[in-house]
Amino acid sequence: MNKISEARSESIFRAAFISAFLAALITALGMFLLSVFIAYFNVSESAADGCIGAATFISMFVAGFSAARKHRKSGLVSGIAAGAVYVLIMLLTGFLFFGNLKISAETLKMFLICIFAAALGGIIGINTKKSR
């Protein structure tokens, strides 16, 4: 990479943090819209769980994609870093609001899906051209 590209490239940690916070905002918006939908329509618990999983997957994909585009190299690593930061944000948020760190098999499954979706987003994000 030449010096101009390196100057425009963000550090992997900065890209991961910014992208993970973006994903947290997207997730919060998605959960808010889902809760409004559930309040007005009769939605089964399994359908709501599926929507929660889909909203999380999409937000993590966007986080990985964004991190790879910001970092401009190592898409897989950028995506995984964004996913890991997101997982830490969710753990910290859960601890602050609920007062415990209850980690179940379902929680671990969701964390693995988050890392996978972010890694996939990173792989695709690094292989797309940034418009000027």
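Take S78, which comes out at 1% relative accessibility, so S78 counts as buried.

The chain averages a pLDDT of 82, and 90% of the residues score at least 70. Where's the confidence lowest in the chain? That's helix α1, residues 3–8, with a mean of 49, while helix α5, residues 105–126, is highest at 89. Where pLDDT is low, the predicted coordinates should not be read in detail.

If you skip the neighbours within four places in sequence, S78 is in contact with I12, A67, A68, H71 and K73.

Now for α4 itself. The helix runs over residues 75–98, which is 24 residues, and from first C-alpha to last it reaches 34 Å, close to the 34 Å expected at 1.5 Å a residue. Which residues of α4 are buried? Here they are: G75, S78, G79, A82, G83, V85, Y86, V87, I89 and G94. What do they pack against? The buried residues of α4 meet α2, α3 (that's 45–71) and α5.

On to the nonpolar core. The largest one has 16 residues, and the members touching the most others are M60 and Y86. Elements giving two or more residues to this core are α2, α3, α4 and α5, and the largest share, 5 residues, comes from α4. In general, nonpolar side chains tend to be buried together in soluble globular proteins. As for M60, leaving out neighbours within four places in sequence, the contacts are A23, A82, G83, Y86, C114, A117 and A118.

There's another serine to look at, S19, over in helix α2, residues 12–40. Is S19 buried or exposed? S19 has 0% relative accessibility, so it counts as buried. What does the side chain of S19 reach? The backbone nitrogen of A67, at 3.0 Å. Beyond the neighbours within four places in sequence, S19 is in contact with A63, S66, A67, K70 and A82.

Last stop, the aromatics. How many aromatic pairs does the structure hold? There are 2. One is F37 with F41, a tilted pair, 4.8 Å centre to centre with 40 degrees between the planes. F37 has a relative accessible area of 43%, so F37 is partly exposed. The other is F61 with F65, which is stacked, at 6.3 Å centre to centre and 25 degrees between the planes. Those two both lie in helix α3, 4 residues apart, about one turn of the helix. An α-helix has 3.6 residues a turn, so residues three or four places apart point the same way.

How values were computed:
Residues numbered from 1 in each chain as written. Predicted model: local features only at pLDDT ≥ 70, side-chain atom pairs only at ≥ 80, totals over all residues. Heavy atoms only, no water. Buried < 20%, exposed > 50% of the residue type's maximum accessible area, 1.4 Å probe, protein only. Polar contact = N/O pair within 3.5 Å; in protein donor to acceptor, adjacent residues only side chain to side chain. Contact = heavy atoms within 4.5 Å. pLDDT = per-residue confidence, 0-100. Expected span 1.5 Å × (residues − 1). Core = buried A, V, L, I, M, F, W, Y, C linked by side-chain atoms within 4.5 Å. Phe/Tyr/Trp six-rings, centres within 6.5 Å; stacked < 30°, edge-to-face > 60°.
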